[in-house]
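I set out to record what I looked up in this model. The entries follow the order in which I consulted it.

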Amino acid sequence: MSTVNLHIDSHDDVHAHDHEHEHHELPFIRKYIFSEDHKVIAKQFLISGMFWAIIGGGMSMLFRLQLGFPGQSLEWLKPLLGGWIENGKMNPEFYLALVTMHGTIMVFFVLTAGLSGTFSNFLIPLQIGARDMASGFLNMLSYWFFFLSSVIMFVSIFTETGPASGGWVIYPPLSALPQAMSGSGLGMTLWLCSMAIFIVSSLLGSINYITTVINLRTAGMSFLRMPLTIWAFFVTAIIGVLSFPVLFSAALLLIFDRSFGTSFYLSEIYIAGEALHNVGGSPLLFQHLFWFLGHPEVYIVLLPALGITSEIIATNSRKPIFGYKAMIGSIFGIAFLSFIVWAHHMFVTGMNPFLGSIFMLLTLIIAVPSAVKAFNYIATLWRGNIVFTPAMLFSIGLVSYFISGGLTGLILGNAALDIQLHDTYFVVAHFHLVMGSASFFGMVAGVYHWFPKMFGRMMDNRLGYIHFWVTFVGAYLVFFPMHYIGIAGFPRRYYSWTGFQAFDTFTDLNAFISVAAFVTFSAQFIFVFNFLYSIFKGKKAPMNPWHSNTLEWTTPVNPGHGNWPGEIPIVYRWPYDYSKPGAADDFIPQNIPLSSTPESNLPYEAEMVKEEQEEMKASNAH
Amino acid sequence: MISILIISGILLFAIVFALLFRTQVLLNVLKGSYNKRVDVAGNKVHGILFVIFMIVFFVGMFGYHEIAKKDYLPDAASIHGAEADSLFWISMIVILIAFVITNILLFVFPYLYAYKEDRRGYFYPDNHTIERIWTIVPAIVLVILLFSGLKLWTNITQTEAPANSTVIEIMGKQFAWQVRYPGKDNRLGEYNFRRIDPNNEFGIKVEDKSSEDDFIPRELHFQKGNPVLLKIRARDVIHSVFLPHFRVKMDAVPGMQTSFLFTPTISTNEMRTKTGDPKFNYELACTEVCGRGHFAMRFLVVVDEPAEYQKWVASQKSWKSQNEDYFAETLKKVTATPKATETKVHKDELSSL
Ligand code: HEM
Ligand SMILES: [Cu+2]
Ligand SMILES: [Cu+2]
């Protein structure tokens, strides 16, 4: 194994040196725009993701205005929203369009592209010790497909008939029939085109991540020495490769139904005064296909965040991550199970109830590996020596959301209880905590932690602390109360509840949530400011600001194309040798040989020293 | 109430900023600490804040529950609903126990183990016994929850409708509900979506004898204590029947029939006494987004005592009797071209299988 690695590696070395020569002559456009450098591509994804987060978050502010203050005139928004404000009121279809776009943007553009795109790209080569991705060109294509898809989605917001409005899950027939709502016209067409391209981008990215992790690890970086970040990105990419194509086919069939008169999802429909010709299709087919991606997607969003947190929590607790192998095991457990629980979104859709029982069983099983992860985080904090960097705070916040949101999953996964709670605010509370807030916190934590590596400067800590506390408390104030509203049965995707006696309560609480949302959203601009300011004016970063073990901190402060100016470091140990008894310092980077740390080697490591020296000799000879 | 919440929120932020500021001052005093790896005093602040946060969080969530519960839905008005509610609250207690324990650990550890210069973290990479325990204990709890849930789910969904149950058809369309009762023969007339027109919203087949006594009221009436079998469909896009007080929800899907069997147990009048609200009414809502009017698909529901229910049924006029002309005309059309219609209808039925 290791010889193979060495071989590939040195081969790559030669190659990379060649590269560097060409590199000096790269014009601006190849260096910063159509760049093949994984670090530049990562930053492109990050900045696009931040742009989308502001758009998607801003939309939620608009509909929170509507929900929090139903009677208020929104005339003052007319300059922004134009015809969508009618007599001081928001158009109900536009409300649905906002909800739909908000969901789509947050899930796909921010937390899939923005999160995986940024950190898989940035960290995989740096942490496994590679010069770049397996294919820089495909990597570049991946970003530019994403960019194209973003442009199409963005344009769709400004169409006359409005963007797609049938919910981010775009269930047909609603999404298939332009007669059903105006957003199902051009807006939906653009949504489908954009998502099809998005999937291409995501697949190109994932294939690259998988190949890179398998083939380009530096000497000594065996699978069981990889940081948990890499494990998480690797498995996430596998999930993506297996599930996104299914969404692609679902979308393709929907395109056929919309444009070519087929009946995959349509049957026996009478709408707008006429009976359609379609018979024999099944709307449930779409839902199965959609959720076959949709549920794994939840983990595509969450796993990278969990990987990032594992790394940050271990580093800043100055302790090894507790249960490294159990963490890997639970990543695989979650990944596998995530493919066989999709129909828990469909308990009351008319699906065979027996199938419901099966999916309920499988769903509750997935709680076990998730629980193991939460316990392992907590055990890592236990008796640590915790440094609260902003990244660490956000990671602890993530664990808190992950627990709060995950626990209600046990209730929703219970089909008998889901009857009442399905499509109520209880669900909105659940997924915003466990997937929305948790993943968002993972992403922000990652930015704070790896900013020094990305830009060679430090972000301001004090702004980071304020950002954390306002956001942490704020997001709880926004999403936790939604549980109460959900228990009271309030349906989601409602423009207003006042028409129902049963839902004409909690007006105070809804107003409160909206205020909390405005504050929390505004606080994100502290972060944006800190980010932009620090790129140019931040304190210069040291080589290894967090005293971390992983390889990225062995590169120069501003790594160039190829990452390491000289040889790629060789890896001799796992990444979690923090506070090792006997060691001089409280961390031992991965590239420090066991033979040079006899004082701290564990018994089995002492035995490995010999083996290691032979390896070193072999690689020197090469 | 809301003001208490807002005040406590402001207070919390004030504490945060005060503490953060204090560190700033401390920092300036101890200029030397700049060169140190970690500003120990400032670091400790976050540990304290986590504990404060935890206390406020617990007080807030349990306290608000006490205030909010008057606005939760009233007691379930169906047999399975009452069972589901108790399972819900039992599960809630289980997860709350897990929630409280894990949160205490999560927020107290940062306080206890905040950075100290003279301390090292405890090198503790794993412990298989502990890991086994915390894999197995949740698994056991889950299995218990799972089986109680499975039993209830099977009860709700896989029971045959008893012979005495009332069959009611509910059809969703943009943006209203329509309901149809089978009349004396207790059989709903057949329908075909191609027969739908403004007079015949259901697409009822007039030539089917059992459609003659079907009636289409403006309200949904259930008989207290008698099982109700809802036959649910939609004619344009997906809708979802949600009867919050009965803990009933089932999608209405075009081209497919779904159903829900349940037994109402509390009459509207009883519920009015129970809630102390003389204007209380049961309601039917839509919970699958279906377009512009999704939020307004309200339909009135009444639960009658058996005697009242019989009276109400007797007072209903059949759809046919209200649309004699249309009925006769359509019947003529259908019978005039028997062959064509027959084959066509036949084909439709095949394809809808
Ligand atoms: C800025 C803070 C946010 C606020 C105030 C917020 C608020 C909301 C609300 C109230 C809804 C339900 C609207 C309705 O059903 O009528 C909603 C829907 C949704 N949100 Fe958020 N959200 C926020 C951030 C996020 C994030 C970070 C994610 C990422 C996962 C997210 C994902 C979604 C999704 C998937 C939906 C469902 C959309 C649909 O129903 O089709 N949101 N959001
Ligand atoms: Cu799911
Ligand atoms: Cu609806």
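**Conventions.** I worked on a predicted model, in which local features need pLDDT of at least 70 and side-chain atom pairs count only at pLDDT 80 or more, while totals for chains, interfaces and linings use all residues. Residues are numbered from 1 along each chain as its sequence is written, chains are lettered from A and ligands numbered from 1 in the order in which they are written, and side-chain values use heavy atoms, with hydrogens and water left out.

**Interface of chains A and B.** I looked up the contact (heavy atoms within 4.5 Å) and found 126 residues from chain A and 114 residues from chain B. The two chains bury about 10700 Å² between them, 71% of it on carbon and sulfur atoms; buried area is the accessible area (1.4 Å probe) that two parts lose on being put together, summed over both. Glu268(A), Tyr270(A) and Trp469(A) supply 7% of the area that chain A buries against chain B, more than any other three residues.

I then noted 29 residue pairs in polar contact between the chains, both residues at pLDDT 80 or more. A polar contact is a pair of N or O atoms within 3.5 Å; within protein, one must be able to donate a hydrogen and the other to accept it, and residues adjacent in sequence count only if both atoms are side-chain atoms. On the side of chain A that touches chain B, helix α11 (residues 353–381) gives the most, with 16 residues. Helices (H or I, at least four residues) and strands (E, at least two) are DSSP runs, numbered from the N terminus.

**Copper site.** Which residues coordinate the copper ion (ligand 2)? I found His295(A) (ND1), His344(A) (NE2) and His345(A) (NE2), at 1.5 to 2.0 Å. Donors are N, O and S atoms within 2.8 Å of the metal (3.2 Å for Na, K and Ca), and water is not among the atoms, so sites may look incomplete. His295(A) lies in helix α9 (residues 283–317) and His344(A) in the loop between α10 (324–338) and α11, so the pair ties together parts that are 49 residues apart in sequence. Both His295(A) and His344(A) are buried; buried means under 20% relative accessible area, exposed over 50%, partly exposed in between (1.4 Å probe, protein chains only).

**His80(B).** I located His80(B) in helix α3 (residues 79–112) of chain B, where His80(B) is buried at 9% relative accessibility. The side chain of His80(B) reaches the backbone oxygen of Phe246(B) at 3.5 Å.

**Ser156(A).** Ser156(A) lies in helix α6 (residues 136–157) of chain A and is buried at 0% relative accessibility.

**Salt bridges.** The rule asks for a side-chain nitrogen of Lys or Arg within 4 Å of a carboxyl oxygen of Asp or Glu. Glu288(B) pairs with Arg493(A), the closest N and O atoms being 3.8 Å apart, and both residues are buried. Within chain B, Glu283(B) and Arg298(B) form a salt bridge at 2.4 Å between the closest N and O atoms. Glu283(B) is buried at 2%, whereas Arg298(B) is partly exposed at 33% relative accessible area.
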